[in-house]
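Me: I would like to work through this model step by step, with each term given its cut-offs when it comes up. Please keep every reply tied to what can be computed from the atoms.

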Amino acid sequence: MNEVIRAGGGLVFRSSSSGQPEVLVVHRPRYDDWSLPKGKNDPGETSLAAAVREVWEETGYRCRVIALVGRHEYPAMGGWKQVDYYAMTPRTHTGFQPGSEVDEIRWIPVSDTRLLTYAFDQQLVEDADYPTLSATRTLFFVRHAAAGSRQRWTDPDHIRPLTPKGWRQSHALAERMAGEGIERLVSSPYVRCMQTLEPLSEILGIPVEGHPALTEGEGGGKTLELLDELSRGNAALSSHGDVIPSTIFRLAEGGMELQDSIYHCRKGSIWVISVVDGVAVSARYEPPPEV
């Protein structure tokens, strides 16, 4: 059986000075082609992480990921290649450095894709729903990082702190979410949940707000009300292993598309919920960072 070579790519878009959408494309001198930025996953890396990294390495743009918008599968040297493309908007630009892999980048209007070499790229750019993507907000629903054994902890459980591994996870999570345009940080008042968002709070300069709707035993109407309140912007929430699956299940009952099983909820993991006009439309699961 041929090996599946997994890769990630970015449909990076912005509005031009005239208010029309345009996308970022790259020129690869090795192939003398114009394409969307993309590259193979590093060992242990997800396609989403590869897409973010490759866009930055090839173009100098740090981006906020909005949604998975396409998958291209085709035969390649050594196996079968699968490229997942994610819609993104630029957050910062660290500068473009021409190199042997990419020697030029351009922003092109989505109404004129003739520069692009490949039909798949052209179709992806032309078919994307830019008004909806622009209106999409993201909620990052984080299960608290590693906090040791509940059974071995002799003090009140709500003050059980993160372990050294948990702190490493929390710092890795902060790096993961720092460029996502997050405007609020809300947590269960339990110490381990608050601590999970503290490194991100330090990076963003935003306080972590404790909220009872995220405590153990919740996950019902009060939690959904909180998510509705936060869905007008981008937010990160830290909660527990019972609250998050329960909430995801209720949102799925209401019509939200699930890209993964609701039973995935390891410590330090994230459920990324996409919201359009206050309605949760899809959710995908990101496993805990490897630390």
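Me: In which loop does Asp277 lie?
Reply: This is a predicted model, in which local features need pLDDT of at least 70, side-chain atom pairs count only at pLDDT 80 or more, and totals for chains, interfaces and linings use all residues. Residues are numbered from 1 along each chain as its sequence is written, and side-chain values rest on heavy atoms, with hydrogens and water left out. Helices (H or I, at least four residues) and strands (E, at least two) are DSSP runs numbered from the N terminus. With elements named in that way, Asp277 falls in the loop between β13 and β14.

Me: Is Asp277 buried or exposed?
Reply: Asp277 has a positive phi of about 50 degrees although it is not a glycine. Buried means under 20% relative accessible area, exposed over 50%, and partly exposed in between, with a 1.4 Å probe and protein chains only. Because its relative accessible area is 70%, Asp277 is exposed.

Me: Which loop contains Asp32?
Reply: Asp32 is another residue other than glycine with a positive phi, here near 50 degrees. Its relative accessibility is 58%, so Asp32 counts as exposed. In the chain, Asp32 is found in the loop between β2 (21–28) and β3 (33–35).

Me: How many helices and strands does the protein have, and what is its radius of gyration?
Reply: The protein has seven helices and 14 strands, and its C-alpha atoms fill a box of roughly 65 × 40 × 40 Å along the principal axes. The radius of gyration is taken over C-alpha atoms, and the globule rule is 2.2 Å times the number of residues to the power 0.38. Because a compact globule of 291 residues would have a value near 19 Å, there is agreement with that of the protein, 20 Å.

Me: Among contacts in the protein between residues at least 6 apart in sequence, what percentage join residues at least 24 apart?
Reply: A contact means heavy atoms within 4.5 Å. Buried residues make up 50% of the 291 residues in the protein. Among the contacts between residues at least 6 apart in sequence, the share joining residues at least 24 apart is 67%.

Me: What covers the buried residues of α7?
Reply: The buried residues of α7 are Val243, Ile244, Pro245, Thr247, Ile248 and Leu251. Just after α7, Gly255 takes a positive phi of about 115 degrees. The cover over the buried residues of α7 includes β8, α6, β11, β12 (257–258), β13 and β14.

Me: With which residues is Ser239 in contact, leaving aside its neighbours within four places in sequence?
Reply: Ser239 lies in strand β11, and because its relative accessibility is 0%, Ser239 counts as buried. Leaving aside neighbours within four places in sequence, Ser239 is in contact with Phe141, Val142, Arg143, His144, Ser188, Cys193, Leu214 and Ile244.

Me: What distance separates the C-alpha atoms of Ile66 and Ser274?
Reply: Ile66 is found in strand β5 (residues 61–76), and at 1% relative accessibility Ile66 counts as buried. With neighbours within four places in sequence left aside, Ile66 is in contact with Phe13, Ala87, Thr89, Leu133, Thr136, Ser274 and Arg284. Although Ile66 and Ser274 are 208 residues apart along the chain, their C-alpha atoms are separated by 7.4 Å.

Me: Which residues does Gly9 touch, not counting residues up to four places away in sequence?
Reply: Gly9 lies in strand β1 (residues 3–15), and with a relative accessible area of 0% Gly9 is buried. Not counting residues up to four places away in sequence, Gly9 touches Pro37, Lys38, Ala51, Val83, Asp84, Tyr85, Tyr86 and Met88.
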